[in-house]
Amino acid sequence: MSIEVSHLSFSYGQRQVLHDISFQVRQGEFLSILGPNGVGKSTLFRCVLGLLSGYTGQVLIHGTDARSFSVREAAKHIAYIPQSSRPIFNYSVSNIVLMGRSGSLSTFQTPSKADEERCAWALEKVGIPHLARRCYHRLSGGEQQLVLIARALVQDAPILMLDEPTANLDFGNQLLVLEQAKSLTRDGYTVIQTTHHPEQSYLFSDRILALQNGRILTQGAPSQVLTEQTMAQLYGAAVTVVSLYQDKVRVCVPKHITIQEEAK
Amino acid sequence: MKQRLVSPVRMVWLLGALLIVCILASFTLGHYPVPLGQLLGILGSRLGLPIEVSWTPQMETAVWNIRLPRVLMSVLVGACLAGAGASYQGIFQNPMASPDILGASAGAGFGAALSILIGLSSVGIMVAAFAASLATVALVFTVSRHAKGDRVLGLVLSGIMVSSLFQSATSFIKLVADPNNKLPQITYWLMGSLSGAKWSEIGFILPPMLAGLIPLLLMRWQLNVVTMGDDEARAMGVNAPRIRLWTVLCSTLVTAAAVSVSGMIGWVGLVIPHMTRRLLGADYRCLMPGSMLGGGIFLLVVDNVSRNATTAGIPIGILTAFIGAPFFLWLITGKGDHYEH
């Protein structure tokens with residue numbers, strides 16, 4: 001089991017953000033976490049990543065209590081791919097990717113030739129070896145996201161956590177990044193993403209976890225979660241879920257449109 | 001989009017070579033120029049090489065006791081200020097950070113002004129400035145621990161506030177100081193100057209400078225990661241707050257050592273890291289040594305101008321501002337860093 005979260009609760013001061021969250025993620029699984037803004041998706045992410053530690057309950061990563069990890073050890077298990085990264089200085093793509101090796105270096109070390117080769121491998125893997133010498137600032141949002149994925153890969157951590165990876169991307173880049181993430185699960189990586197796109201998470205995930213007001217509303221196979229009832233509960237949106245291509249794809253159509261169409 | 005003509009690593013070596021050329025050239029300039037051959041002879045014989053004496057004793061005194069300490073002092077102070085500036089810009093994720101952001105200069109100025117007021121010797125002034133500088137940054141650090149919210153912002157804001165407090169205290173000392181002898185001395189100290197550098201001063205500042213510069217050079221890769229923010233750094237396995245603490249310690253040590261002998265020399269710590277970043281990129285692996293070398297070169301050249309351009313010798317702190325401010329304006333009105341890597 002890659003991650004086992006049991007009875008996790010978290011409060012910011014008096015305000016409880018997460019209530020008794022339990023879920024498990026198997027190795028090689030693609031898990032999407034769905035939920036409206038402000039339900040605690042980011043807080044849950046931060047707890048699992050070890051950026052927040054004042055929670056009750058337990059987070060086990062590869063069987064070990066996440067709180068017992070040092071910063072360096074945690075980075076060997078989980079890599080984090082932020083929604084976007086805006087470095088204040090003008091780094092090259094290869095510099096950014098090379099930073100992913102830092103957890104394997106001692107404080108006084110600089111990356112070696114082997115580290116550089118690992119970066120070249122990662123850029124190749126996500127399909128952007130030609131961008132190595134470019135300025136990170138000058139890349140498109142999708143390319144930047146791929147660079148951050150490459151940076152996570154050189155960390156040699158088997159779990160990748162993507163925070164709304166498609167939030168700032170155009171449609172083509174959204175598919176590009178998600179396909180990349182999906183293909184990594186075939187290599188044995190465990191991928192967890194937060195997202196605002198139920199249809200995309202249906203298409204790409206193995207399992208979906210729906211969060212509502214800091215509690216788990218429902219979790220399970222995409223076909224169990226992407227239903228009219230759950231979408232109504234989760235987003236307060238009246239939609240008709242339309243199944244296409246032998247249920248390989250599900251589309252959420254606003255109810256007033258389907259009602260009009262049926263009336264004809 | 002331009003490609004760099006020279007790789008960053010090679011550029012660092014070029015800067016090193018340029019520094020050596022500037023050091024040698026510094027001896028051949030001035031009221032008492034020493035030809036290169038004799039200069040090398042004097043330096044060699046001092047280092048114990050058997051060289052036939054082809055120079056006068058006065059020449060040797062000028063080179064060894066007057067010119068060389070001043071040259072070394074310029075290079076060391078420049079390297080420390082630029083190195084500390086580059087570090088602070090990284091750990092505070094703030095391109096406008098300079099070595100005095102945590103009050104090191106304001107504290108040193110206060111310490112120096114106070115010790116001039118009570119009539120300490122020049123060694124006493126230096127030691128007081130150094131101690132006051134360290135104490136001020138320690139105070140800033142302690143205050144910021146109690147600041148609510150963002151740690152880094154709290155630290156920077158505390159630095160600004162405590163600095164202005166100490167600047168006011170220095171102004172008060174100037175107000176009560178004897179306008180015939182003490183006030184000019186305080187004013188001159190605050191303007192910054194490298195004239196009258198002595199071996200004894202170098203002996204005093206060299207240990208803290210090396211104790212700060214060497215770890216800064218060794219930690220330089222980690223600084224790259226810290227510029228990405230604490231959360232990202234942590235997820236990559238780097239404990240950013242710890243790196244920041246060590247960097248603040250080292251940078252404070254070198255800044256305090258520098259200002260205790262040179263007085264307030266502004267702009268070097270802000271401008272040189274930017275210039276170096278422009279020259280060889282943002283990667284601290286090259287930026288850190290490059291900034292240190294660049295700072296050394298810059299201050300040495302400016303000091304030569306200050307020494308030779310006018311008989312009175314304009315205080316170097318004024319000259320760095322005259323050169324630094326317009327340069328910085330030119331830098332920010334340009335279109336930033338166009339270079340691909």
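1. Strands β4(A) and β5(A) (residues 64–65) pair in the antiparallel sense over two bridges. Strands here are DSSP E runs of at least two residues, helices are H or I runs of at least four, and both are numbered from the N terminus. Two strands pair if DSSP finds at least two bridges between them. Leu60(A) stands opposite Asp65(A) of β5(A). The hairpin has two residues between its strands, and His62(A) takes a positive phi near 50° there.

2. This is a predicted model: local features need pLDDT of at least 70, side-chain atom pairs count only at pLDDT 80 or more, and totals for chains, interfaces and linings use all residues. Residues are numbered from 1 along each chain as its sequence is written, chains are lettered from A and ligands numbered from 1 in the order in which they are written, and side-chain values use heavy atoms, with hydrogens and water left out.

3. β4(A) (residues 56–61) also pairs with β1(A) (residues 3–12). That pairing is antiparallel and covers five bridges. Val5(A) has Val59(A) of β4(A) as its bridge partner.

4. Chain A also holds an open, mixed sheet of six strands, in the order β6-β7-β8-β3-β9-β10. Its edge strands are β6 (78–81) and β10 (215–220), each pairing on one side only. The twist averages 20° from one strand to the next. Within the sheet, β3(A) (residues 30–34) and β8(A) (residues 190–195) are parallel over five bridges. Ser32(A) stands opposite Gln193(A) of β8(A).

5. Two helices of chain A deserve a look against this sheet. Helix α1(A) (residues 41–49) packs on the sheet, touching β3, β6, β7 (159–163), β8 and β9 (207–212) of chain A. Its direction makes about 155° with that of β7(A). Helix α5(A) (residues 141–153) lies across β6 and β7 of chain A, at about 165° to β6(A). Angles run from 0 to 180 degrees between N-to-C directions; axes are lines fitted to C-alpha atoms, for helices over the stretch in contact. Contact means heavy atoms within 4.5 Å.

6. In chain B, the axes of α8(B) (residues 199–218) and α11(B) come within 8 Å and cross at roughly 155°. The two helices are therefore roughly antiparallel to each other (over 145 degrees; under 35 is roughly parallel, 65 to 115 roughly perpendicular, the rest oblique). α8(B) passes α11(B) in a left-handed crossing, meaning that the near helix is turned anticlockwise from the far one by less than a right angle. The contact includes Phe204(B) and Pro208(B) of α8(B), and Leu253(B) and Val254(B) of α11(B).

7. Leu253(B) sits in α11(B) (residues 240–262). Its relative accessibility is 24%, so Leu253(B) counts as partly exposed (buried is under 20% relative accessible area, exposed over 50%, partly exposed in between; 1.4 Å probe, protein chains only). Not counting residues up to four places away in sequence, Leu253(B) touches Phe130(B), Leu134(B), Pro208(B), Ala211(B) and Gly212(B). Leu253(B) and Cys80(B) are 173 residues apart in sequence, yet their C-alpha atoms are 9.2 Å apart.

8. Thr320(B), in helix α14(B) (residues 316–333), is buried at 0% relative accessibility. Beyond neighbours within four places in sequence, its contacts include Trp267(B), Phe298(B) and Ala325(B).

9. How many disulfides are there over all chains? The count is zero, with a disulfide taken as a pair of cysteine sulfur atoms within 2.5 Å. For Cys135(A), the closest cysteine sulfur is in Cys286(B), 15 Å away and too far for a bond. Cys135(A) is buried, with a relative accessible area of 1%. Cys252(A) is also buried, at 18%.
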